[in-house]
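Thanks for making time this morning.

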Amino acid sequence: MIHQSFVPDIQTLNVQGEDQIRLHERAANVAAERFGRQVFLRAVVEISNFCRENCAYCGMRRDNRALARFRAKFEQIAELLIHHRPASITDVNIQAGEDPVAVREIVIPLIKALRRETPLGVSVCLGTLNPVLYAELLEAGASIYIIKFEIGDPTQYREMFAPGTYLERLENIRHLAANGWKVSSGFIVGLPEQNESRLLANFKLAGELPLDGCSVSPFIPGDETPLSNDPIANINLTLNSMAALRLMRPD
Ligand code: SF4
């Protein structure tokens with residue numbers, strides 16, 4: 001169990017006005033004390049929007065037949081990143097739907113090329129794969145795996161058709177952390193049917209997992225998904241959740 005001095009409650013997550021400003025200042029101070037004022041600019045590079053999963057909250061879900069699907073070409077994307085990226089970029093995050101073909105054909109050669117030709121740090125966000133592919137990605141030179149647990153409540157995880165099963169997702173997160181990766185995870189705020197106990201379950205899980213980073217994404221209804229008519233997440237709840245995570249896990 002990781003030591004935690006701050007445990008968020010529902011009142012804190014819904015705070016507004018002066019109290020909200022104080023919460024955000026406290027969180028910003030904790031982050032600045034720990035990390036200083038240095039920032040890294042991570043460029044997100046979308047390699048493929050093919051996905052074998054069917055998450056209810058995502059427009060890239062496999063049942064979305066209206067979406068034009070695309071896989072980048074290795075030569076084009078390597079040329080772009082090696083010779084034409086903005087000078088301010090320190091890191092790249094290579095991202096795709098859950099598309100193992102793209103991992104083998106594009107991502108692994110791309111990571112090798114970037115490590116050979118550039119000083120860029122490389123993170124990947126490629127979904128739930130398998131230990132062999134994880135090892136090949138690490139060997140190629142990536143060091144951070146971004147794998148959101150998405151939903152901390154197992155029942156809602158199933159209801160939302162989140163990737164694979166809840167237990168599989170957590171096993172993969174633990175496997176990555178135990179096998180040389182820095183793991184960054186996260187969850188979605190404002191999903192339909194996310195009651196108070198389901199919201200708090202995200203923080204509990206974030207506190208238990210072996211993570212180097214954790215982010216909060218606001219729910220945004222995607223076209224051509226089962227949730228397309230549901231309301232967008234409350235931005236204050238999202239920002240307060242980010243502040244709460246910073247206080248909960250200053251590291
Ligand atoms: S695995 Fe990722 S890309 Fe695929 S449907 Fe789910 S959220 Fe979307």
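In helix H9, the buried residues are Asn 240, Ser 241, Ala 243, Ala 244, Leu 245 and Arg 246, where buried means that 20 or more other C-beta atoms lie within 10 Å of the residue's own, exposed means 12 or fewer, and partly exposed is anything in between, with C-beta atoms placed from the backbone. Please keep in mind that this is a predicted model, in which local features need pLDDT of at least 70 and side-chain atom pairs count only at pLDDT 80 or more, while totals for chains, interfaces and linings use all residues. Residues are numbered from 1 along each chain as its sequence is written. Helices (H or I, at least four residues) and strands (E, at least two) are DSSP runs, numbered from the N terminus.

What covers those buried residues of H9? The cover includes helix H1 (10–13), helix H2 (17–35), strand E5 (182–189), helix H8 (196–208) and strand E6 (213–218), and contact here means that two C-beta atoms, placed from the backbone, lie within 7 Å. H9 itself runs over residues 235–248, and its end C-alpha atoms are 20 Å apart, which agrees with the 20 Å that its 14 residues should span at 1.5 Å a residue; the expected span is 1.5 Å times one less than the number of residues.

The buried residues of H8 are Leu 199, Ala 201, Asn 202, Phe 203, Leu 205 and Ala 206, and they pack against H1, E5, E6 and H9.

Stepping back to the chain, there are 9 helices and 6 strands. The radius of gyration is 19 Å, close to the 18 Å that the globule rule gives for 251 residues, so the chain is as compact as a globular protein of that length; the radius is taken over C-alpha atoms, and the rule is 2.2 Å times the number of residues to the power 0.38. Buried residues make up 33% of the chain, and of the contacts with a separation of 6 or more, 77% are between residues 24 or more positions apart.

The largest nonpolar core has 59 residues, and those with the most contacts inside it are Ile 47, Ile 94, Val 107, Ile 111 and Val 124; such a core is a set of buried Ala, Val, Leu, Ile, Met, Phe, Trp, Tyr and Cys residues joined through C-beta atoms within 7 Å. Helix H4 (residues 100–117) gives the largest share of this core, 8 residues. Leaving aside residues up to four places away in sequence, Ile 111 touches Ile 94, Val 122, Leu 137, Ala 140, Gly 141 and Ala 142.

Two loop residues deserve a look at the backbone. Phe 161, in the loop between helix H6 (154–159) and helix H7 (166–178), is not a glycine, yet its phi is positive, near 50 degrees. Glu 224, in the loop between E6 and H9, also has a positive phi, of about 60 degrees, without being a glycine. Are these residues buried, partly exposed or exposed? Phe 161 is partly exposed, with 16 other C-beta atoms within 10 Å, whereas Glu 224 is exposed, with 12.
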